[in-house]
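Here are some exercises to work through with the model open beside you. Try each task before reading its solution.

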Amino acid sequence: MARYIGRRLIQLIPILFGVSLITFLLVRLIPGDPAISMLGSRATPDLVARIHRQFGLNLPIWEQYLHYMNGVFHANFGISIFYEQAVWPLVVSRVPLTLELLAYSAVMALAIAIPLASLAAVRRGGVVDHGIRLSATTALGIPSFWLGILLILLLGVRVRIFPVAGEGSGVIGRIYYLTLPALTAGLAIAPILLRTLRSSLIEVLRAEYVSTARAVGLPRRTVFRSYILRNSIMPCLTVLNVNIGWLIGTVIVVEDIFALPGLGSLLVSSISTRDYSIIQLATLLFALLVIATNLGTDILYGVIDPRISLARRPA
Amino acid sequence: MIQSQHSRCRRAPVILASLFVVVAMVLAACSSSGSPSTSSAPAAGTPVHGGTLVFARHADIFTFDPYNTQDDESIFTEMQIYDRLVALSPDGKSVVPELATSWSAAPNGLTADFHLRPGVKFSDGTPLTVSDVVFSLTRAINQQGSWGFLFSPVKRVVALNSSTVQFQMSTAFAPLLAALATFAASIYSESNFKKWGSKEGNHPLGTGPFALQSWAPGTSVVLVRNKYYWQPGKPYLNKVEFTNVSNDNSRVLQLESGTADIIDNTAPNQIAQVKARGDQTESVLGSAVGWVTLNEHIPPLNQANVRLALAYALDRATIAKTVYFGLAEPALSVIPNGTFYYNPNTDPITFNMAKAKALLAKSTVPHGFTLNVMIASGDTASLDQTEIWAADLAKIGIKLNVTSLEQTTAQQRYNTAQYTAWVSEWTNDTPDPDEMMGVGLVYLPQDALHTYFNDPQIAALVTQARQELNTTQRAALYTQIQTLYNTQDPYIYTVDIPRLYASAPTVHGFMPNSQGDYELQNVWIGG
Amino acid sequence: MAAIPATAATSEAKRSRRAPLSWTLRIGLAGMALIFLAAIFAPLITRYSPTAIDPTVALQPPSVQHWFGTDDLGRDIYARVVYGARIDLQIGVIGVAIPFVLGTVIGLVSGFLGGWVDTAVGRVIDVVMAFPFFVLAIAIVAMLGPGLASLYTAIALVSWVTYARIVRGEVLSVRERPFVLAATGLGFGRLRILLRHLLPNVLSAAIIFAMSDFMLDILVGASLGFFGLGVRPPTAEWGVMISEGNNFIITDPWLVFFPGLAIVVVGFFMSLVGDGVADRLRRVDDR
């Protein structure tokens, strides 16, 4: 197990390298550069050239990349063209909030999906099942920005239960302030989790080892906990892991609506302004997050399902 | 008519038509002649000292250094921290003293002297000296900076004595006063600037009504009252907190929930609802006008008749009513209606389908053609405006192909002249018409803002007006320019576009000027 | 003489295929058929053109004249929703089909073969999945220009990894199951195991996700509309209608409600179809 983890960690490096190279090239392929975004209609060729020189944008791309990688090895990720400050503290200060929001949203989504999926699977084919599935589909079709505004309107403005913006301080404060945002994102993801979980619960319910366990006389709750739930967790983790991109996309929208100064809102605004250094670092950090989630899920696979021997698996 | 927060209406949205009437009546009752701003605020009572104002804005700031500033939010924040030699008058038509109490120009117009107000202090208590003024303005006029063009004929700024500065110019330069009222000519502390080196953009020290307390990038900027401020009794507020709320709907909801006291960039369709709930709105016209910029290198846009036909087929009144909910006004000149020497009586282009048809008939494409129009995605107003225009153009055989591109991508295409028609707007940085005309109606240095418009007569008049110090004669020149413009029309002007703010009923004295400066030194929070 | 077991297996399989369609599947297919027909025969069931503007009747709530109300330019929202179905059904089908096929094949092969193939594919998947979608989407629009083709490209380039991952994950857990090991032990060829035994089992998970994906693609169109991806204005499309109606959510909610409802309705019927198909696949494999 330890060797497996070690191997995966080493593989992290080429992946991050690949992501950073692709991002570096990609943003420079997009029409318009930071000078254009900054100057707007005032972009005379002289002014544009001056800004290019100031930030090294007039150099050939390979040379720019060398400077960038050189900086990275010295833990210097560049200067923000717009804020004229070092990029690392600017970006990293936004990460904790986004992580907290992601975790909270995932918890919300599971808290909604697991009980409902269990209910639907156990009462399969009945009215309850269809009702839950209809609600899930409806929830899936509601755009998250609409849902967010609706929740603010209903629970923050008309009835003042939750705050409508800001991130709060302290553990309790943070949980309180992030409840509406996490609920919005969680409701967006829960339907997908629910469908997959329900489907795999149904399969497991009909599996042989379940009927065997029942026939042998094990109590229902033991059967459910030890066999059914355990074997369904994996598809759940898969779907959560697989949809991490969608979860991140939803969190970005949620950060915008609730005015949360997280990594997502920084990435979106820096794309519009073409602030290359911020885009590069923020993308890298999101990539790191996704990879870490993948690794975590794979490790959990190995822990939960002993049939999958990680040692044998080619990593 | 004081309304408390708790008694605000929470009815579901009312029928829009009746609200139009209410809005129109309120606007008519509150607007004073000559003032480009209208507000539904009640008449001010006695100012109350103290309190924190929370102002939610749609974007973050980037810097406090005027030399590098490009975005509106940084500009308006700087105008609260720094003062300038002169300021825009309340009616928006001229300039009044601020850090300079009087000024005079030499008869040949090549030098101008400004006398400084005595006893002014920076927010840390140190006195303002003439060398701070010289230092700040020397930076401002630097042609390497993006705002140097506002001061192009100015060669040097020198101190004549401890209370007088002199501008030395290569030619007479009438726009100087207006330029000195802009944020680009902000006065800041020389020693403070030199102390901070490369970080100077984050550590401002000025003489304005507020000083910087803290800035958390992405979240908020907190300003604190400048107790050494030279205007007695002001500012009333203790603190101002600018927060960063990019989502339009969230900003309005923050106002409704009381989280924010003032919000900017309110969507026109939400103004009626804001008012219905008992909040106030401030609609500021004067510095922005909508344009459709035409690339004359692409036929048939090289023919004035075609451009004019397109312009006469634009139903400005319907656009002002439908797209801007009555808050915009049909444009009557290529410059915004708050610009100095603006003249609405130069036979402006109006909505006239018969004339459009007749003009098109005189061109090489009498039966119409296909026009490619570029708009920035996410800009619903431009899109709706273009749809209305397309419906009318179809009647004379002109078909519009609309391409919606991301903002910076579209900007890049425009800057490299890879566009045919570009729906955008012009916002004055200074209220002097020379800014727009200097880049827009003169061929060099930017190909007349990438239109390739080249009319030597108009260009000569623009240069002449720049050097004309007599205001009456200058007015006559600009009238002549605007009249000639309406026969050529390189930029189809559409409507004058308002800046829309909304504020809580407890906010008093909030009246941004026509350039968008908040002037928060006049604001107080009361019952 | 070995016909006896073969006949029993064959007739059982035949019986499954001849089994009547479940009610889930029937309702789902009927609903989708209705929606497709509505899209095809749009001119017959709408009174107004989806693109004709009339500023004098702008922002009217639903009424007898305009069943879904009008938008900010006075266009009939019902007509726009019905005509919009043409584009959105296309987006859903193409936006799902291409990644589905691509991803399933890659995931199947990768999971089954294992070894360095699996490693390489796994890493490619990692890099693609690690990429924030917005960055990629804008770059694609910039290079290919705006329009539907760019939208499909952006979706295809990113979506296939989801299917590949799901299928690969399923393959990993299924291939250790007794019946697969038995088949290998019996000497069945690798391709046969792949197609006859693995595929039906792993497909159900992919199909179930595909049904959600259908809706997600349309919703993605809504947010990418802010970046210029999608149909050329003023063509009606549900996603763009939602993003353009953003300013009116609070004051005139019907602009966003009805296209949203359309997406939900389509999604609901698609989910029924998906569940029905998945059930059938499970039944075939249940011996």
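**Exercise 1. Find the ring face over which A:Arg28 lies, then look for a like case at B:Arg57.**

Step 1. Apply the rule: a charge sits over a ring if NZ of Lys or CZ of Arg is within 6 Å of the ring centre and within 35 degrees of the ring normal.
Step 2. In chain A, the ring is that of A:Phe24, and A:Arg28 lies over its face at 3.7 Å from the ring centre.
Step 3. In chain B, the charged end of B:Arg57 is placed over the ring of B:Phe242, at 4.0 Å from its centre.

A word on the ground rules: this is a predicted model, in which local features need pLDDT of at least 70 and side-chain atom pairs count only at pLDDT 80 or more, while totals for chains, interfaces and linings use all residues. Residues are numbered from 1 along each chain as its sequence is written, chains are lettered from A and ligands numbered from 1 in the order in which they are written, and side-chain values use heavy atoms, with hydrogens and water left out.

**Exercise 2. Describe the geometry of the ring pair B:Tyr501 and B:Phe510, and name the cluster that holds both.**

Step 1. Rings of Phe, Tyr and Trp (its six-membered ring) pair if their centres lie within 6.5 Å; planes under 30 degrees apart count as stacked, over 60 as edge-to-face and the rest as tilted.
Step 2. Over all chains, this gives 38 aromatic pairs. One of them joins B:Tyr501 to B:Phe510, with 5.5 Å centre to centre and 85° between the planes, hence edge-to-face.
Step 3. Check burial (buried means under 20% relative accessible area, exposed over 50%, partly exposed in between, with a 1.4 Å probe and protein chains only). B:Tyr501 is buried at 4%, and B:Phe510 is buried at 3%.

**Exercise 3. Characterise the interface of chain B and chain C.**

Step 1. Count contacts (heavy atoms within 4.5 Å): 26 residues of chain B touch 23 residues of chain C.
Step 2. The buried area, meaning the accessible area (1.4 Å probe) that two parts lose on being put together, summed over both, is about 2,200 Å², and carbon and sulfur atoms give 59% of it.
Step 3. On the chain B side, B:Asn249, B:Asn269 and B:Glu387 lose the most area to chain C, together 21% of what that side buries.
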